[in-house]
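This briefing is for a reader new to the structure shown below. Please keep the sequence and the model at hand while reading.

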Amino acid sequence: MTALRQTTASRLTSEFVGTGFLLLGVVGSGIMAERLSPNDVGLQLLENSIATAGALACLILLFGSTSGAHFNPAVTLWARLAGDLDNRMAGLYVVVQTAGGILGVIAANVIFELDAVFWSTNGRISPAAFGSEIIATFGLVIVIIGVVRSGKEQFVAFAVAAYIGGAYFFTSSTSFANPAVTVGRMFSDTFAGIAPASAPLFIVAQFIGALCAIGVARVTHPTR
């Protein structure tokens, strides 16, 4: 029983800290990009994407062996449907991912001398953005499934980082692809923020994309 508690604590702490630092990377680099390149949105996005991809690679390498380094309810959904998590653990993963993400954004606001909670006014929802989030999340989830089921788990960190870094530019929504990230980014009215009114449809699109990826992967990368 003690060992089980320690294992659970390790997994949940990893998801909490990992998602927190992921959001700190996303939002913090967005704030820094705005300040370093105030008149060049393209350069801001490049700076934001490089920092996010770098943080992702490090965090997945750090926590992959403890929690699986999901940092994303869409990835946790796949783990649950694949039987790697039970309902209780999957639910706890989502709770700590969301809480960690919010705390990471608050930390980014504070260290850049902004209000701790700084609600975003960055409206992002449109038919194109909705479709973009379906595609972005589909791509992320199927990359993870494909790499894992190909027996190349050691490359997941680099595959995910490369995909997200690229998807910042080839999707019109800049590839949130993560419900916990979407919730967290509501708390900062900066470059990476999303208005609360836009978040629900983004999250719906992300789960649609994840479910589509899981379905397609059953054909392209069936379990052995």
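The model is a predicted one. Helix 6 (residues 156-170) comes within 8 Å of helix 2 (residues 41-63), axis to axis, and within 10 Å of helix 5. Helix 6 also gives the most residues to the lining of the largest pocket.

**Helix 2 and helix 6**

- The two axes cross at roughly 165°. Angles over 145 degrees count as roughly antiparallel, and helix 2 and helix 6 are therefore roughly antiparallel to each other.
- The crossing of this pair is right-handed.
- On the helix 2 side, the contact is made by Gly42, Leu45, Leu46, Asn48, Ser49, Thr52, Ala53, Leu56, Ala57, Ile60 and Leu61.
- On the helix 6 side, the contact residues are Val156, Ala157, Phe158, Val160, Ala161, Ile164, Gly165, Tyr168 and Phe169.
- Sorted by class, this contact holds 15 nonpolar and five polar residues, with no charged ones.

**Helix 5 and helix 6**

- The axes of helix 5 (127-149) and helix 6 cross at roughly 160°, which makes helix 5 roughly antiparallel to helix 6.
- Helix 5 passes helix 6 in a right-handed crossing.
- Helix 5 brings Ile135, Ala136, Gly139, Leu140, Val143, Ile144, Val147 and Val148 to the contact. These meet Val156, Ala159, Val160, Tyr163 and Ile164 of helix 6.
- The contact between helix 5 and helix 6 has 12 nonpolar residues, one polar residue and no charged residues.
- Val156, Val160 and Ile164 of helix 6 take part in the contact with helix 2 and also in the contact with helix 5.

**Helix 5 and helix 8**

- Helix 8 spans residues 199-220, and its axis comes within 7 Å of that of helix 5. The angle between the two axes is roughly 40°.
- The crossing of helix 5 and helix 8 is right-handed.
- Their contact includes 18 nonpolar, four polar and two charged residues.

**The largest pocket**

- The largest pocket holds about 720 Å³ of space.
- It is lined by 42 residues, and those closest to its centre are Gly68, Ala69, His70, Val75 and Ile144. Ile144 of helix 5 is also part of the contact with helix 6.
- Helix 1 (2-36), helix 2, helix 3 (73-81), helix 5 and helix 6 each give two or more residues to the lining. The contribution of helix 6 is five residues.
- The lining divides into 25 nonpolar, 11 polar and six charged residues.

Notes: Residues are numbered from 1 along each chain as its sequence is written. This is a predicted model: local features need pLDDT of at least 70, side-chain atom pairs count only at pLDDT 80 or more; totals for chains, interfaces and linings use all residues. Side-chain values use heavy atoms; hydrogens and water are left out. Axes are lines fitted to C-alpha atoms, for helices over the stretch in contact, and angles run from 0 to 180 degrees between N-to-C directions. Helices (H or I, at least four residues) and strands (E, at least two) are DSSP runs, numbered from the N terminus. Angles under 35 degrees count as roughly parallel, over 145 as roughly antiparallel, 65 to 115 as roughly perpendicular and the rest as oblique. A crossing is left-handed if the near helix is turned anticlockwise from the far one by less than a right angle, and right-handed if clockwise. Contact means heavy atoms within 4.5 Å. Ala, Val, Leu, Ile, Met, Phe, Trp, Tyr, Cys and Pro count as nonpolar, Asp, Glu, Lys and Arg as charged, and the others, Gly among them, as polar. On a 1 Å grid over the protein atoms alone, a cavity is a set of points where a 1.4 Å probe fits but cannot get out, and a pocket is an open set with protein on both sides within 12 Å along at least five of seven lines; lining residues have an atom within 4 Å of a point. Grid points are joined across faces, edges and corners, and a volume is the space filled by probe spheres set on the points.
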